[in-house]
Amino acid sequence: MAKILVAEDDDAVRAMVIRALNEDGHDLIAANDGAAALDALKRDGRFDLLLSDVKMPVMDGVALALAAGRDHPDLTIMLMTGYADQREHAHGLDALVHDIINKPFSVDQIKGAVREALVPRH
């Protein structure tokens, strides 16, 4: 299936997302903050999707999305947030970010959002 980089600082959320997307057969790399995710992008090469929390220590999801979009323009980027003010901040990235998923979400919701994001665009 797809190679997905998940950047999420909450251990429980990260584990749930990894478990859910593993069930769909994706190849997953996990990072616990934006800086670690950026390192993974540089180190591991091509990803099909970056799925990142907005609010994280070291480097937040907005800064990660900007850096990833600059260096990997073909990368599909999705953000996750549980904070309304963070969602508004991320909306400035409309041209760069495919979707913003509100937390909390279910396993089925994250699977569906990822499936939709991975549909080829023409």
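Predicted model: local features only at pLDDT ≥ 70, side-chain atom pairs only at ≥ 80, totals over all residues.
Begin by selecting Glu8, in the loop between strand E1 (3–7) and helix H1 (11–23). Glu8 counts as buried because its relative accessibility is 1%, below the 20% limit. A polar atom of the Glu8 side chain lies 2.9 Å from the backbone nitrogen of Asp10. Beyond its neighbours within four places in sequence, Glu8 is in contact with several residues, including Asp53 and Lys103.

Select that pair next. Asp53 and Lys103 form a salt bridge, with their closest N and O atoms 3.1 Å apart. Asp53 belongs to strand E3 (residues 49–53) and Lys103 to the loop between strand E5 (99–102) and H5, so the bridge ties together parts 50 residues apart in sequence. Asp53 is buried, at 5% relative accessible area, whereas Lys103 is partly exposed, at 22%.

Now move to Asp24. The side chains of Asp24 and Arg115 meet in a salt bridge of 3.0 Å, N to O. Arg115 lies in helix H5 and Asp24 in the loop between H1 and E2, so this pair joins parts 91 residues apart in sequence. Arg115 is partly exposed, at 45%; Asp24 counts as buried, at 17%. Asp24 also forms a salt bridge with Lys111, at 3.8 Å between the closest N and O atoms.

Finish at the largest pocket, whose volume is about 320 Å³. Of its 19 lining residues, select those closest to the centre: Asp48, Asp74, Leu75, Thr76 and Ala117. The lining comprises 11 nonpolar, 4 polar and 4 charged residues.

Notes
Residues numbered from 1 in each chain as written. Heavy atoms only, no water. Helix = DSSP H or I, 4+ residues; strand = E, 2+ residues; numbered from the N terminus. Buried < 20%, exposed > 50% of the residue type's maximum accessible area, 1.4 Å probe, protein only. Polar contact = N/O pair within 3.5 Å; in protein donor to acceptor, adjacent residues only side chain to side chain. Contact = heavy atoms within 4.5 Å. 1 Å grid on protein atoms, 1.4 Å probe; cavity = no way out; pocket = protein on both sides within 12 Å on 5 of 7 lines; lining within 4 Å. Points joined across faces, edges and corners; volume = space filled by probe spheres on them. Nonpolar A, V, L, I, M, F, W, Y, C, P; charged D, E, K, R; others polar. Salt bridge = Lys/Arg side-chain N within 4 Å of Asp/Glu carboxyl O.
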